[in-house]
Amino acid sequence: MSLTGAAGAAPGERLRHAEHVMGTVVSFDVPAWAGSATGSGALGDVVRWLHWVDATFSPYREDSDVSRLGRGAVTLAECAPELAEVLAECAAAGELSGGYFTATPGGRLDPSGYVKGWAIERAAAMLTAAGSADHCVNGGGDVQCAGGRAPGEPWRVGIADPFRPGALALVVAGRDFAVATSGVAERGAHIIDPHTGRPATGLASVTVIGPVLARADAYATAAVAMGAAGGAAARDWAESLDGHEAFAITADGSVWQTSGFAAYVA
Amino acid sequence: MRRVFLAITGTIAGLVALLSFKSHSGIPSSAAATAGTSGGSSSSAGSAGGTGAPGSSAASGVSNGYKGGYTSGAVKLTAGEKSVLGKAANTVYGPVQVQLVVSNHKIVNVGILQQPQGTPHDLQIGQLCFPTLIKETIAAQSGKVDAVSGATYSSGGYIQSLQSAVDKGL
């Protein structure tokens, strides 16, 4: 496995790597590990683990634990223990969101909406365990940051503008935080309101900032799902979440944010 | 171009955020700002005069050095200056849009292309928001982002994503 970093990265500046996995690309930025064989090895371990997650949790692979459990070919106890952990977390997120977050969107077992955030959060924790104090891991648009981008400097995360591909709506900055965005920009309306069975279209995107990514990502997805008619209900709900802040762009292009979000705006 | 453009879109959104924030602390709660639909654009002056037509490339690698102040209305460009227009932000008080004037990789002026008129809050918005907007512009225009958060891109869509540019160190 080659971990030489993305083409064009200034040699020796910081360790960057982009890995195609889980149907998207996971990007790593580890400033202190530039040119470090130990760091490169640790990053390789994380990348291999992400491919294991893909093989175990993908609903698109016939032989994944998720697919086999979904069609009743195996029991939960016969699956990787991480699957039980993920499903328990999905249930907790569902409870906290009034059922708007679910591991069975459309009636079929598919915890993908939780798995990616969970996997990226855990990947970042693996880097921490391997000795990195500062890193940023971006799983296809959901970001977990540890430490800062440089001594005394926070990580800067742009929030994509769903109406202008390639442009940003906002930049947020922080240390040791997660930034998750759910919405319709890349793949069209694909978040189902589980209470109606129809795609939720009121909110073009919702960004949730919190301490860790799995929960922030689940909250962002739930907020989009409850986003009918501009998302007043989603806004009230997001405001009620302890330790999390949200920013939303509605289908008609207006925006709202929770009361503490402004503290993160760069 | 990319850095300048990112900085400006971030700044406009920052203004939007500021207006929204103010709605929680004094200005009526209906003051939630809304993002406009006009995209950012840039232009450069081939010769003296004129604000230039949108479409040509803007400066890249802009450095700090702007000392403050802003001009009400569009700034006319002189030779060597480039104009970068921000996205119009539609607040309940009316649209707000800024123009950065860049010369030799430095922001030399900021024009307020549109601002609320004829509301009791004109003065308040101008006094509170524009200096902050300009300050944020200066802070943001030299900064790049480390990651981009957005609706999940596919493996194939990654190459078109801003994140792929970030990963290349651009």
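**Labels and their grounds**

Mentor: An open sheet of three strands runs in the order 6(A)-5(A)-8(B), with mixed pairing. The edge strands are strand 6 (168–174) of chain A and strand 8 (147–149) of chain B, each pairing on one side only. Neighbouring strands of this sheet are turned by 30° against each other on average, direction ignored; axes are lines fitted to C-alpha atoms, and angles run from 0 to 180 degrees between N-to-C directions. This is a predicted model: local features need pLDDT of at least 70, side-chain atom pairs count only at pLDDT 80 or more, and totals for chains, interfaces and linings use all residues. Residues are numbered from 1 along each chain as its sequence is written, chains are lettered from A in the order in which they are written, and side-chain values use heavy atoms, without hydrogens and water.

Trainee: In what sense do strand 5 and strand 6 of chain A pair, and over how many bridges?

Mentor: Two strands pair if DSSP finds at least two bridges between them, a strand being a DSSP run (E) of at least two residues and a helix one (H or I) of at least four, numbered from the N terminus. Strand 5 (residues 155–160) of chain A and strand 6 of chain A have six bridges, in the antiparallel sense, so they pair. In one of these, Arg156(A) has Ala173(A) in strand 6 of chain A as its bridge partner.

Trainee: Why is the contact of Arg68(A) and Asp65(A) called a salt bridge?

Mentor: The term asks for a side-chain nitrogen of Lys or Arg within 4 Å of a carboxyl oxygen of Asp or Glu. Arg68(A) and Asp65(A) meet at 3.0 Å, N to O, so the contact qualifies. The two are three residues apart in helix 2 (residues 65–70) of chain A, about one helical turn. By this rule there are 10 salt bridges over all chains.

Trainee: What makes the pair of Arg149(A) and Asp146(B) join two chains?

Mentor: Their closest N and O atoms are 2.7 Å apart, in a salt bridge. Arg149(A) lies in the loop between strand 4 and strand 5 of chain A, and Asp146(B) in the loop between helix 2 (122–141) and strand 8 of chain B, so the pair joins two chains. Both Arg149(A) and Asp146(B) are buried.

Definitions and conventions. Buried < 20%, exposed > 50% of the residue type's maximum accessible area, 1.4 Å probe, protein only.
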